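Okay, everyone, thanks for coming. Let me put the model up on the screen, and then we'll walk through it together.

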Amino acid sequence: MIPDVPKSSDPEPGSFINHADTLASNPLGFQSINREVHLRIEGGRRLHGDITLKASKNAAVALLCASLLNYGLTRFLNFPRIEEVTRIIEVLESIGVKINWRDSNTLELRRPKRLMLENLNEEAARRTRSVLMLIGPLMHDHAEFDIPYAGGCKLGERTIKPHQYALEEFGVSITATEKRYTVKVGKKAPGEMTLYETGNTVTNNTILAAACMAEETFIQAASCDYMVQDLCYFLQSLGVEIEGIGTPLLRIRGLPKIKKNIEYTPTEDPIEAMFFISAAVTTDSEITIRQVPFRWIALELTKLKKMGLKYTLSSSYKAANGYVDLADITIHRHWGKLSALPDKLHPNVWPGLNPDSLPYFVPIAGVATGRTLIHDWIYEQRAIYYAELSELGIKVELLDQHRVHVRGPSELIKANMSCPPALRPASLLLIGMLAASGVSILRNVYVINRGYEDLAARLNTLGASVEVFS
Ligand SMILES: CC(=O)N[C@H]1[C@@H](OP(=O)(O)OP(=O)(O)OC[C@H]2O[C@@H](n3ccc(=O)[nH]c3=O)[C@H](O)[C@@H]2O)O[C@H](CO)[C@@H](O)[C@@H]1O
Ligand SMILES: C=C(OP(=O)(O)O)C(=O)O
């Protein structure tokens, strides 16, 4: 934690570099919303070496929204430089938050006394679902406001009812009008409440609402997933009392006014770990993935073990935030000896198999012998994208909008494809292309860059050949 009194190296309020200027000279080369970027992949290479995980999109966006609760300086270390983070930064800057990348992954934010919601950058906001998590913080200092409809991955209908019902308990009414949510606040303490769905963003929104209530809030049916845990640890370091982290029962006693200079490091991304595991298995490679929050993908690892995958886990150590256990995982070659599981693979809330991990089993099932049933009940239309892997030679049969059969082993073939409008399904195509011999083209990878930092360059350090072009 950094001291409450700013150090001499801390920028004075007002002396922050304008974020737009920072991006203009940004050596990492961010994609603007409207510029299309593509990948050229020379596949069929075995990967080798080791890779260190970045922090997750899903915790990062919640933390950015949470930074609005703090009138002091918030500094995030090891923060992911991804498109989704850039969109939320654009939204926060547009309403007056001073933001500065101090170095490639250190981000500082300080909110003004009065946010200029009338200037909110709608184009950036509409690209994310996470903009919904602004309601929890904004209800503490605005009696009425509106935000544009949320976007994010296109996976079929994604209800906002759980957010409406949860925030209703705090005296917040959210009305959907044409293209916007109108929010009216008559703040009250809910005491004990139960969520309508055990969702991640709704749990985070509820926690953000409870975080500035002096009265205790008891939330039942909370998600205990990784991005919720990361948010709770951050709020705890701001002084919010939270009991039950990692369980569905959260007891929160908030602080009506938070003003603290704070430094927090979000945890490494368990879903990025699944991306690299799937890439290693699909290309039958041996790689080591460093800093894996292995308890957040414990069930995924168990399923893989039962399919015959051999991996080695190092002894565990703490993440930089001091809370989460990490380990390095070496995935060993399987030499074509994986078998399909006889039982279906399906997602659940943590400690179940993570909904965003499930897609990564599609290419894995494609190289295992036998037929795997993948049942993606959680989204109305995500399984449909899995069938796109057929173009890369993986035998995927769409049974209905939620279920696919994958038959393996398959011989992967190169292809020229465009990304579907959904992060995890799009990244599956990249995995398939890494395994397919010859040159494949993956068009318009904005959706992958929403959630993963600098993937082409990082895959190339593992021996892949991925070129970015526009
Ligand atoms: C920014 C962020 O953190 N995004 C994640 C978050 O989105 P988020 O929390 O926004 O997910 P949604 O609220 O859209 O829920 C996903 C889907 O699951 C359904 N549902 C959810 C909970 C439940 O108990 N019952 C149920 O049916 C919802 O109706 C919806 O169709 O969680 C999703 C599910 O893990 C992840 O894919 C997203 O990456
Ligand atoms: C569904 C996802 O993201 P979002 O909730 O941001 O749309 C995802 O990260 O897979």
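Let's start at Pro-409, which is in the loop between β20 (403–408) and β21 (416–418). When I say strand, I mean a DSSP run of E with at least two residues, while a helix is a run of H or I with at least four, and both are numbered from the N terminus. The peptide bond running from Gly-408 into Pro-409 is cis, and its omega is near 0 degrees. There's another cis bond between Trp-350 and Pro-351, with omega at about 15 degrees. Pro-351 is also in a loop, the one between β17 (325–331) and α11 (361–366).

Why point these out? Most peptide bonds are trans, and most residues other than glycine have a negative phi. Now look at Lys-179: not a glycine, yet its phi is positive, about 65 degrees. You'll find Lys-179 in the loop between β7 (172–177) and β8 (180–185).

Quick housekeeping. This is a predicted model, where local features need pLDDT of at least 70 and side-chain atom pairs count only at pLDDT 80 or more, though totals for chains, interfaces and linings use all residues. Residues are numbered from 1 along each chain as its sequence is written, chains are lettered from A and ligands numbered from 1 in the order they are written, and side-chain values use heavy atoms, with hydrogens and water left out.

On to the ligands. Which residues come nearest to ligand 1? Of the 16 around it, those are Arg-129, Asn-200, Thr-201, Asp-356 and Tyr-379; "around" means having a heavy atom within 4 Å. By type, that shell has five nonpolar, six polar and five charged residues. Here Ala, Val, Leu, Ile, Met, Phe, Trp, Tyr, Cys and Pro count as nonpolar, Asp, Glu, Lys and Arg as charged, and the others, Gly among them, as polar.

Next, polar contacts, meaning pairs of N or O atoms within 3.5 Å. A polar side-chain atom of Thr-201 is 2.7 Å from an oxygen of ligand 1, and a side-chain N or O atom of Glu-197 is 2.8 Å from a ligand 1 oxygen. Ile-378 uses a polar backbone atom, 3.2 Å from an oxygen of ligand 1. The protein covers 86% of the 750 Å² of accessible area that ligand 1 has on its own, using the Shrake-Rupley method with a 1.4 Å probe.

What about ligand 2? Its surroundings include Lys-57, Glu-84, Asp-356 and Tyr-379, and its shell divides into four nonpolar, one polar and six charged residues. Oxygen atoms of ligand 2 are 2.7 Å from a polar backbone atom of Cys-153, 2.8 Å from a side-chain N or O atom of Arg-158, and 2.7 Å from one in the side chain of Arg-424. On its own, ligand 2 has 300 Å² of accessible area, and the protein covers 94% of that.

One last thing, from the records: UniProt, in an unreviewed entry, lists residues 42–456 as "domain: Enolpyruvate transferase", and such annotations may be inferred rather than shown by experiment. That span is 27% helix and 24% strand, and its end C-alpha atoms lie 12 Å apart.

Terms used:
Polar contact = N/O pair within 3.5 Å; in protein donor to acceptor, adjacent residues only side chain to side chain.
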